[in-house]
Amino acid sequence: MNNSTQSVPVPVADLVKLATAQRILAMDGHDDITLGHMSLRDPAGRGVWIKKALRGIDEVFDESDFVLIDWNGKPLANDGPLHSEWPIHTQIMARRRDVNVVGHTHAKFAVLFSATDQELCALNHEGANLVDRVGRFTRTAGLINTVELGDELAGALADNPAALLKNHGIVFVGADIAEAALNGLFLERACRMQVTMASTGWKWSAPSGVDHDRKMGISTAAATGHQSVFFDYFERRLKRTEARDGGARKP
Ligand SMILES: [Zn+2]
């Protein structure tokens, strides 16, 4: 942290967890070179803690990997570099008071799915969890690097837990880190199932009505209290994966 910002309180534990969430997402197919970012609403209301640019989501570990910006994108704590897509985070959080965590990645199967006009189906549990709950942003496949585009994306997300950005990626949100990360993980997994099924050329169907509701009953993390159980599982798997790679460490 630089001298001018030494007095700014830093939510260290939350930022360590947010870094972990991003490495989990990378482990599950969301990595794309140095692109993608997650953010946390500053507990003191000053703005948003967003992952720094120039490193991958698999290369972040602690509070030094984040910069605090105000609602206009001005850095308040920690030196950049700043992702140009910061308006995704400020504008979604400005619109959604229930959201404290925002993520944006170029998850591979979700990007493929976003290029189609297919509806997301309940092929698996993750899909069931998100049927009719995914917004679509189609205005541009380019960077969301203006407040105007950020506002439009926030409108496309509406009250949903996630949205597809055509030929670009996804955004996902939550009241806390685990909820946001799971929404992102679930959307990519649901898209992976549907894209894979479509590539077989087989006839297929997915549950609807009561059957769908029953599937939802065992798949909705929040409804079944499984959210922290699922996140803890992903955290253990990340630890095993990183141990096999010689341990988690900063590049
Ligand atoms: Zn992007």
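Tutor: In this predicted model, helix α6 (residues 177-200) packs with helix α9 (residues 227-244) at an angle of about 70 degrees, and their axes are 10 Å apart. On the side of α6, the contact is made by A178, E179, A181 and L182; on the side of α9, Q227, S228, F230 and F231 take part. Sorted by class, the residues of this contact of α6 with α9 are 5 nonpolar, 2 polar and 1 charged. The spacing of such residues may be read with a general rule in mind: an α-helix has 3.6 residues a turn, so residues three or four places apart point the same way.

Let us now consider α6 by itself. Helix α6 contains 24 residues, and the distance from its first C-alpha to its last is 35 Å, close to the 34 Å expected at 1.5 Å a residue. Of the 24 residues of α6, 18 are buried, so this helix is largely enclosed by the rest of the structure. After α6 comes G201, which has a positive phi, near 80 degrees.

Helix α2 (residues 86-95) and helix α5 (residues 147-157) have axes that come within 8 Å and cross at roughly 50 degrees. That angle makes α2 oblique to α5. The crossing in which α2 passes α5 is right-handed. From α2, the residues P87, I88, T90, Q91, I92 and R95 meet V147, L149, G150, D151, L153, A154 and L157 of α5. The contact of α2 with α5 comprises 8 nonpolar, 3 polar and 2 charged residues.

Finally, one residue deserves attention. N100 lies in the loop between α2 and β5 (101-105). A residue is buried if 20 or more other C-beta atoms lie within 10 Å of its own; N100 has 21 C-beta neighbours inside 10 Å and therefore counts as buried. Although N100 and R41 are 59 residues apart along the chain, their C-alpha atoms are separated by 4.9 Å. Setting aside neighbours within four places in sequence, N100 is in contact with L40, R41, A175 and D176.

How values were computed. Residues numbered from 1 in each chain as written. Predicted model: local features only at pLDDT ≥ 70, side-chain atom pairs only at ≥ 80, totals over all residues. Axes fitted to C-alpha atoms, helices over the stretch in contact; angles between N-to-C directions. Helix = DSSP H or I, 4+ residues; strand = E, 2+ residues; numbered from the N terminus. Contact = placed C-beta atoms within 7 Å. Nonpolar A, V, L, I, M, F, W, Y, C, P; charged D, E, K, R; others polar. Expected span 1.5 Å × (residues − 1). Buried ≥ 20, exposed ≤ 12 C-beta atoms within 10 Å, placed from the backbone. Parallel < 35°, antiparallel > 145°, perpendicular 65-115°, else oblique. Left-handed = near helix turned anticlockwise from the far one by under 90°.
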